[in-house]
Amino acid sequence: MRTLQTYKNFSSLDGDTVGFDSSAGSLLTYEDFAFALESAVWKRSDAWKANDPGPWKLLVGLFDAEKDLRNEIMTEARKWTGPNGANLEFVETEDVASAHIRIRVETDFNDSALGRQARHRKFSGTHTMRLGYLSNSRTNRRQRKRIIQHEFGHVLGLRHEHQHPDSGLTWRTNEIVADHLGKNWGKCNTKDVTPAQLEKLCEESVRSFYLSHSISGHKLAEYDPDSVMLYTFPASFNDEGVEVSRLNLISPKDLDFAKRLYPA
């Protein structure tokens, strides 16, 4: 059995990946989806049979989006797929409760379950993705594209590229915590806790979102500074003084990895 650590790299990505059953090209049932997806290690043999032709289909439901916004979301999501990308289809459904990916836009957050984690009981009956910044009139067109593409990268199983152990970045945890503390990010604005508890919770979020993951025993592709999965951050966040200010969209390496992860 071949396993792939889900990082945004071939043989490795930053998160979980989804699994599919494409018998007769039919839509994947929620039960199949739940069976195929389990941990941060992607097991190809658990996801589909070798002779399944694909493409595999995931149902996408949106709780509270108007038609134009729904079209925008689906258009950007599908940029991960096709002949040069993942051999899967994102299929919009009006039956949100039955969807594998359930999206809410009337919120203040952007986030997504990582791949198969979407089937975890904590997501039962609720959203698996939030695209709250799309409702903000100050979010420009490129930002909107990046937000959608980034969160659907998580749907495929990608985590954050800056957490790649070959990024060459040494993170200044104290600097990042000081910047994020009290902001509506991670656990950095948790209510009804002491200042010391809040700082500790914020540090947990910073370590989870910035520090490299252990990927011992798994082969990695090279670090991709153009990945849509890369955060933007100031030079003060790392000892190397590296700043990332541009808003990356899906890169050729992102797309190539998606194609390898979900082959035709």
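These legends walk through several close-up views of a predicted model. Local features are described where pLDDT is at least 70 and side-chain atom pairs where it is 80 or more, while totals for chains, interfaces and linings use all residues. Residues are numbered from 1 along each chain as its sequence is written, and side-chain values use heavy atoms, with hydrogens and water left out.

View 1. Helix H4 covers residues 141–156; helices here are DSSP runs (H or I, at least four residues; strands are E, at least two), numbered from the N terminus. The expected span of a helix is 1.5 Å times one less than its number of residues. At the start of the helix, a side-chain oxygen of Asn140 comes to within 3.1 Å of the backbone nitrogen of Arg142. Just after the helix, Gly157 adopts a positive phi of about 115 degrees.

View 2. Arg144 pairs with Glu72, with the closest N and O atoms 2.8 Å apart. This pair links helix H4 to helix H3 (residues 67–77), across 72 residues of sequence. Arg144 counts as buried because its relative accessibility is 16%. Arg172 forms a salt bridge with Asp239, again with 2.8 Å between the closest N and O atoms. Here Arg172 is in the loop between H4 and H5, and Asp239 is in the loop between H6 and H7, 67 residues apart. Arg172, at 33% relative accessibility, is partly exposed, and Asp239, at 47%, is partly exposed too.

**View 3. The two sides of helix H5.** On H5 (residues 173–180), the buried residues are Thr173, Ile176, Val177 and His180. Seen down the helix axis, they fall within an arc of 100 degrees, so they line one face of H5; the arc is that of the directions from the helix axis to the C-beta atoms. The face turned away from the buried side carries the exposed residues Asn174 and Ala178. H6 is included in what covers the buried residues of H5, where contact means heavy atoms within 4.5 Å. Just after H5, Gly182 has a positive phi of about 90 degrees.

View 4. The whole structure has one disulfide (cysteine sulfur atoms within 2.5 Å). The disulfide joins Cys188 to Cys202, S to S 2.0 Å. Cys188 lies in the loop between H5 and H6 and Cys202 in helix H6, so the pair ties together parts 14 residues apart in sequence. The torsion about the S-S bond of Cys188 and Cys202 is about 80 degrees, so the disulfide is right-handed. Cys188 is buried at 0% relative accessibility, and Cys202 is buried at 0% as well.

**View 5. Ser251 in its loop.** Ser251 sits in the loop between helix H6 (195–210) and helix H7 (252–261). Ser251 is buried, with a relative accessible area of 5%. Leaving aside residues up to four places away in sequence, Ser251 touches Asp224, Asp226 and Ser227.

Conventions:
Buried means under 20% relative accessible area, exposed over 50%, partly exposed in between (1.4 Å probe, protein chains only). A polar contact is a pair of N or O atoms within 3.5 Å; within protein, one must be able to donate a hydrogen and the other to accept it, and residues adjacent in sequence count only if both atoms are side-chain atoms. A salt bridge is a side-chain nitrogen of Lys or Arg within 4 Å of a carboxyl oxygen of Asp or Glu.
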